[in-house]
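Subject: Structure handover

Hello,

Here is the structure for your files. My notes on what turned up in it follow below.

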Amino acid sequence: MKWNNELLKFIFAVLFFYLMGLVIYESFLLPHTLLDEWIIHGLVVASEWIIHLFGFSTVAHQTSLFYTIQIHDSVGVWVSPNCDGWMVMWVFLSVWLCLPVDKRWKYPLIPVFCLAIEGVNVLRISSLAVITKYYPQSLAFNHDYTFTILVYGFVIFLWWLGIKKWGVK
């Protein structure tokens, strides 16, 4: 199989951006900032709002920054730094920056799409909390497979949308 030079450049650029983000996250952001804690806190607050919207009540938190969401009479869901959506957004961004999308749209859409990804993450966390109430035995499967496929499917949809609507012709 003969490789196209443009395809190779694209793959290496995506890998470069992804590895750069991983190094920045693991070496600086995670050990030296509260970024993860604030993202997780925001996700839990937003997820609780969704859960309350559907009539569920949740257990009150004892600290100012919290990592768990628990519907009454359930074990709850712990949101870890691996589940805060940061790396999903970085995967999205690594590819997005390399896609042939008109620059007038590419950069302004970054915060919009990252917020959309976090919105999907809020729905995921809310759904997992409800699953722990009614079907706790299926939490691991839904966390590891169902919602991984849905979240990354949404990311792929955003890439497709970007190319379809704002791609350079």
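Of the 169 residues in the protein chain, 40% count as buried. Please keep in mind that this is a predicted model.

Overall layout: the protein chain has 5 helices and 2 strands, and their order from the N terminus is α-α-β-β-α-α-α. Taken along the principal axes, the C-alpha atoms fill a box of roughly 55 × 35 × 35 Å. Among contacts in the protein chain with a separation of 6 or more, 66% join residues 24 or more positions apart.

Salt bridges: searching the whole structure gives 2. One joins Glu6 to Lys9, with 3.3 Å between the closest N and O atoms. Both residues belong to helix 1 (residues 5–32) and sit 3 residues apart, about one turn of the helix. Glu6 counts as exposed because its relative accessibility is 52%, and the cut-off for exposed is over 50%. Lys9 is also exposed, with a relative accessible area of 52%.

The other salt bridge pairs Arg104 with Asp102, and here the closest N and O atoms are 2.5 Å apart. Arg104 has a relative accessible area of 64%, so this residue is exposed.

Regards

Methods:
Residues numbered from 1 in each chain as written. Predicted model: local features only at pLDDT ≥ 70, side-chain atom pairs only at ≥ 80, totals over all residues. Heavy atoms only, no water. Salt bridge = Lys/Arg side-chain N within 4 Å of Asp/Glu carboxyl O. Helix = DSSP H or I, 4+ residues; strand = E, 2+ residues; numbered from the N terminus. Buried < 20%, exposed > 50% of the residue type's maximum accessible area, 1.4 Å probe, protein only. Contact = heavy atoms within 4.5 Å.
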